[in-house]
Amino acid sequence: MTAKPRLFSGMQPSADSLHLGNYIGALLSWKELQETHEAFFFLADLHAITVPQDPTALRENTRRTAAQYIAAGIDPSRSTLFVQSHVPAHAQLAWVLNTITGFGEASRMTQFKDKAAKQGNDAASVGLFTYPILQAGDILLYQANQVPVGEDQRQHVELTRDLATRFNSRFGETFTVPEAYILKETAKVFDLQNPQSKMSKSSESPAGIVWVMDDEKTTAKKIMRAVTDADASVTFDRENKPGVANLLTIFSVLGERSIESLENEFAGRGYGDLKKALAELVTSILGPIRTRTLELLDDPAELDRILAINADRASEVAEATLAQVYDRMGFLPRATLR
Ligand code: TRP
């Protein structure tokens with residue numbers, strides 16, 4: 001039997017709910033990929049603190065995000081689902097990788113530049129600067145072959161590959177050089193109020209984001225009020241009718257139907273019909289996920305126990321890689337006392 005390829009991905013637990021873009025863009029693919037891969041999914045809480053977080057909210061959001069992963073179909077007995085800070089090797093490997101990353105190289109990371117500009121350059125932390133290096137460590141600790149991420153993370157995976165190759169050639173073969181598995185752009189979800197930009201938790205229009213944890217009425221209302229355009233025909237035209245194109249994309253992915261069959265079904269009918277059908281579909285999928293999430297959150301001790309078991313599993317792999325790294329770097333091994 002040949003081993004399944006390893007897969008590693010995760011998100012920052014920096015909101016109390018995932019949104020429809022996370023669900024369609026990431027979770028649906030993860031759920032499928034866990035069948036064919038040995039998958040590791042994590043909650044990147046060490047990354048989350050690169051921008052200010054309220055400690056109580058961070059702790060709660062970490063549990064909530066974990067519960068939503070499980071409710072959406074990530075199976076913690078099949079995939080390894082864990083919290084980054086539960087595995088100290090992440091911080092430890094990041095330090096080593098910091099020392100083989102060029103300052104100029106790190107300065108070229110466009111996400112850092114964007115985030116730093118948003119915060120005001122003086123407010124941006126050194127942690128935010130080395131964020132991509134911590135990310136490289138996440139991936140390399142697990143000897144991952146594939147990293148399913150959105151296009152915006154491609155540069156970080158490229159950096160990871162460079163660092164793995166550099167370390168291997170300086171210190172000897174240690175890391176698997178991973179590949180980005182770029183999630184389909186066709187599954188990209190846009191803001192319902194501003195369909196030119198991606199659905200994002202930092203959006204300025206609360207009505208434009210469908211949260212997984214919204215109740216069904218709220219979700220339906222947001223979809224019914226989604227921005228469309230003056231010409232009332234249900235056709236897919238990303239350029240000229242981005243609002244309708246977005247609704248059709250969501251419908252197509254969640255309903256597992258082609259855009260064409262949807263155009264046919266709604267030919268000669270108005271946007272109201274499309275939105276009504278879509279609202280039903282979306283709530284029929286998110287409703288049970290929300291309910292299951294709340295059930296899981298009702299028993300936080302059990303949830304924490306699942307995360308601990310998974311952290312143990314993750315640690316085993318991570319510790320083995322870190323031990324090799326420390327050895328190759330020339331660190332003096334600590335003697336075993338008896
Ligand atoms: N930077 C990723 C994001 O914001 C989160 C992340 C951290 C990640 N470490 C990772 C994703 C390792 C994939 C692999 O979406």
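At roughly what angle do the axes of helix 10 and helix 12 cross, and within what distance do the axes come?

Mentor: Keep in mind that this is a predicted model. Two packed helices are described by the angle between their axes and the distance between the axes. Helix 10 covers residues 242-255 and helix 12 covers residues 271-297; their axes cross at roughly 40° and come within 10 Å. Angles under 35 degrees count as roughly parallel, and 65 to 115 as roughly perpendicular. Helix 10 and helix 12 are therefore oblique to each other. As for handedness, helix 10 passes helix 12 in a left-handed crossing.

Now look at the residues that meet. Helix 10 contributes Val244, Leu247, Leu248, Ile250, Phe251, Leu254 and Gly255. On the side of helix 12, the partners are Tyr271, Leu274, Lys275, Ala277, Leu278, Leu281, Val282 and Ile285. Sorted by class, this contact holds 13 nonpolar residues, 1 polar and 1 charged.

Helix 4 (residues 89-98) packs with helix 13 (residues 300-329) at an angle of about 30°, and their axes are 10 Å apart. Helix 4 and helix 13 are therefore roughly parallel to each other. The crossing of helix 4 past helix 13 is left-handed. From helix 4, the residues Ala89, Gln92, Leu93 and Val96 meet Ala318, Glu319, Leu322, Val325, Tyr326 and Met329 of helix 13. These contact residues divide into 8 nonpolar, 1 polar and 1 charged.

A further pair is helix 7 (residues 126-141) with helix 8, where the angle is about 65° and the axes lie 9 Å apart. Helix 7 and helix 8 are therefore roughly perpendicular to each other. Here helix 7 passes helix 8 in a right-handed crossing. Tyr131, Pro132, Ile133, Gln135, Ala136, Ile139 and Leu140 are the residues of helix 7 in this contact, and they meet His156, Leu159, Thr160, Leu163 and Ala164 in helix 8. By class, the contact has 9 nonpolar residues, 3 polar and no charged.

Helix 8 also has a place between two strands. Strand 4 (residues 146-149) and strand 5 (residues 179-182) run parallel and are joined by 4 bridges. Between strand 4 and strand 5 the chain crosses through helix 8 (residues 154-171), and this β-α-β crossover is right-handed. Within the strand pair, Val149 stands opposite Ile182 of strand 5.

Key
Residues are numbered from 1 along each chain as its sequence is written. This is a predicted model: local features need pLDDT of at least 70, side-chain atom pairs count only at pLDDT 80 or more; totals for chains, interfaces and linings use all residues. Side-chain values use heavy atoms; hydrogens and water are left out. Axes are lines fitted to C-alpha atoms, for helices over the stretch in contact, and angles run from 0 to 180 degrees between N-to-C directions. Angles under 35 degrees count as roughly parallel, over 145 as roughly antiparallel, 65 to 115 as roughly perpendicular and the rest as oblique. A crossing is left-handed if the near helix is turned anticlockwise from the far one by less than a right angle, and right-handed if clockwise. Contact means heavy atoms within 4.5 Å. Ala, Val, Leu, Ile, Met, Phe, Trp, Tyr, Cys and Pro count as nonpolar, Asp, Glu, Lys and Arg as charged, and the others, Gly among them, as polar. Two strands pair if DSSP finds at least two bridges between them. A crossover is right-handed if, with the strands pointing away from the viewer, the path from the first strand over the helix to the second runs clockwise.
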